[in-house]
Amino acid sequence: MATHEGAPAAAPAREQWSGQVGFILSAIGSAVGLGNIWRFPGVAYENGGGAFLIPYIVALLSAGIPILFLDYAIGHRFRGSAPLSLRRLGGRPLEALGWFQVAIAFVISLYYTAVIAWALSYFIFSFDLRWGDDPAGFLQGDYLQVSDPGVSLQFVPGVLIPLALVWIATLLVLGAGVAKGLERANVIFLPLLVVGFLVLVVRALFLEGADVGLNALFTPDFAALADPNVWIAAYSQIFFSLSIAFGIMITYASYRRRRANLTAPGLVVAFANSSFEILAGIGVFATLGFFAVQQGVAVGELEGLTGVGLSFVTFPAIVSQMPGGPLFGALFFGSLTLAGFTSLISVLQVVSAGVQEKFGLSRWQATLGIGGTAAILSVLLFSTTTGLLALDVVDNWANNVGIVGSAVLTTILVIWVLRKGPELQHHLNTVSTFRVGRVWIVLVGGLVPVLLGYMLLSRIITLLVEGYAGYPTSYLGVFGWGTIGLIVVAAAVLTVLPWRANREPFTAWPPYSARSTSSSRTPLQGGRR
Amino acid sequence: MTPLAITFLIVAILVIWGGLAASAVYLTRRPELEDYPTGGIDDHREDDAPAIRDT
């Protein structure tokens, strides 16, 4: 094996994508998830309709794409999962941030799997419209058997079985590896998702009342642009939609070969993600327009325009009233399942790669160890009668506190404290065909931490003062703040544990100027193990 | 649909899907750089785990 700068002979080669297309499809598969289908349409409608496009596009260009490039640069330059890359970049404190991201990904995988299991169940239910005349009652009663907030070990077989199936499929994909597992799954499922969803959208456009729904979504309310909350909603949507700032894109970029274009594929990924959101907006609101006309009400009077309510209550109700409803329902829930699955495998790869690299585990050891643990926790927490409530709270804290906090910390530590902006800009420009200027550093080091910092603080204050969705304070303490506490503790413990692999000195490639030589050759700081 | 809503639907499609098309065309025309600094050549080992204990 030849020895190259940055690729010491002692270091085993990294797994790699088979090529640029495989990486792009996998990155799009990760970005296009449940939020594209069930979150974007409702958020756009509630925040100015057509006028929302303006803050949305501004947010995409000024925060979404810049953070995506930051993740790519870190993972690709420092050749590792979030903990390894960040450790090579900035030593042990940054490694802790990497483990913080890994822990968030672990927590998210626990409940994300449950939602995919629900979608899988509803895919089956679509064929005989099993929810009957009362989808809300069916979801909470017959299907999830929701009880009061608390901890229950009363399992719901209807959730447990699909949840187990999703976990088995996930572990098989992860165990098969980056190219033969993750990439192959995305190469099959992403085109299937796009075709299936396109058929759904075309069908929706021919429904009676589709124009009513599209009018509601696209008619602009320009007054909304003066409301800061609309801009925050746009930045939130872009931020949560792109799979950025919690390790996924760092990990995915690390599997690209060293001489690989980063920024131009990144633009394709970012615009493809937003393109799917626009497509989802058209499909969902054309369908809602049909429902509103059937009910004899305005679209704005409908309930459940986002999230679980939209997908598992409103859509089933619509499917029941629609000619050819079972096929439409199968397309919708099949799309949700596929979109969720291609995102889930990316979330878990963050965890798997992190432990493989630190503890010298093989891929299957990590998959079975971490994935098995996650599967058991997921089944215990989310296939019981209290699963829906726990999911709601954990999701809110993991996203709004965990991921946003991770983004703020990353930008502040990497750009402000360690001043790595110029080195990462140099890296992007040395390997990519689309060059980024100094404005990129200004955006990721200036606008992003300020804006996301504001979002984070205001959300924390709101949660502390007002609570969340009427849940008991003690319950929020355990499942909300407790989740964040566990993530922090896990990050600290995993950082302190000794490295069993990847201990050799690392030289970043391409070389950066003499001014920063000391930092580009990092003998895995903290190598005092 | 109202003319205003149609206008914004078209603008959304042009800007976002147009952005996708433009970035895809850009990537097709410039898929990789022609010159890289020396070094940086991988020893590709498809689907082998990046860990020492992997055998």
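This is a predicted model: local features need pLDDT of at least 70, side-chain atom pairs count only at pLDDT 80 or more; totals for chains, interfaces and linings use all residues.

Q: Which helix is F341(A) found in?

A: Helix 15 of chain A, residues 325–359.

Q: What is F341(A) in contact with, leaving aside neighbours within four places in sequence?

A: I116(A) and F189(A).

Q: And how far apart are F341(A) and F23(A) in space?

A: 17 Å, C-alpha to C-alpha. In sequence, F341(A) and F23(A) are 318 residues apart.

Q: OK, helix pairs. At what angle do helix 6 and helix 20 of chain A pack?

A: About 135°, with the axes 8 Å apart. Helix 6 of chain A covers residues 92–126, and helix 20 of chain A covers residues 473–496. That angle makes helix 6 of chain A oblique to helix 20 of chain A.

Q: Right-handed or left-handed crossing for helix 6 and helix 20 of chain A?

A: Right-handed.

Q: Which residues make the contact?

A: From helix 6 of chain A, they include R92(A), E95(A), W99(A) and F100(A). From helix 20 of chain A, they include T483(A), I487(A) and L494(A). By class, the contact of these two helices has 11 nonpolar, 2 polar and 2 charged residues.

Q: Next pair. How do helix 8 and helix 16 of chain A pack?

A: At an angle of about 165°, with their axes 10 Å apart. Helix 8 of chain A is residues 157–176, and helix 16 of chain A is residues 363–382. The two are therefore roughly antiparallel to each other. Their crossing is right-handed.

Q: Which residues make that contact, and what classes are they?

A: Helix 8 of chain A brings, among others, L160(A), L163(A), W167(A) and T170(A). Helix 16 of chain A brings, among others, R363(A), W364(A), G371(A) and S378(A). The classes are 9 nonpolar, 5 polar and 1 charged.

Q: Switching to helix 17 of chain A. Where does it bend?

A: At A398(A), by about 30°. Helix 17 of chain A runs over residues 387–417.

Q: Is helix 17 of chain A mostly covered or mostly exposed?

A: Mostly covered: 24 of its 31 residues are buried. Just after helix 17 of chain A, R419(A) takes a positive phi of about 55°.

Q: Last one, chain B. How many helices and strands?

A: 1 helix and 0 strands. Chain B has 55 residues, and buried residues make up 22% of them.

Terms used. Residues are numbered from 1 along each chain as its sequence is written. Chains are lettered from A and ligands numbered from 1 in the order in which they are written. Axes are lines fitted to C-alpha atoms, for helices over the stretch in contact, and angles run from 0 to 180 degrees between N-to-C directions. Helices (H or I, at least four residues) and strands (E, at least two) are DSSP runs, numbered from the N terminus. Angles under 35 degrees count as roughly parallel, over 145 as roughly antiparallel, 65 to 115 as roughly perpendicular and the rest as oblique. A crossing is left-handed if the near helix is turned anticlockwise from the far one by less than a right angle, and right-handed if clockwise. Two residues are in contact if their C-beta atoms, placed from the backbone, lie within 7 Å. Ala, Val, Leu, Ile, Met, Phe, Trp, Tyr, Cys and Pro count as nonpolar, Asp, Glu, Lys and Arg as charged, and the others, Gly among them, as polar. A residue is buried if 20 or more other C-beta atoms lie within 10 Å of its own, exposed if 12 or fewer, and partly exposed in between; C-beta atoms are placed from the backbone. The bend at a residue is the angle between axes fitted to the seven residues ending there and the seven starting there.
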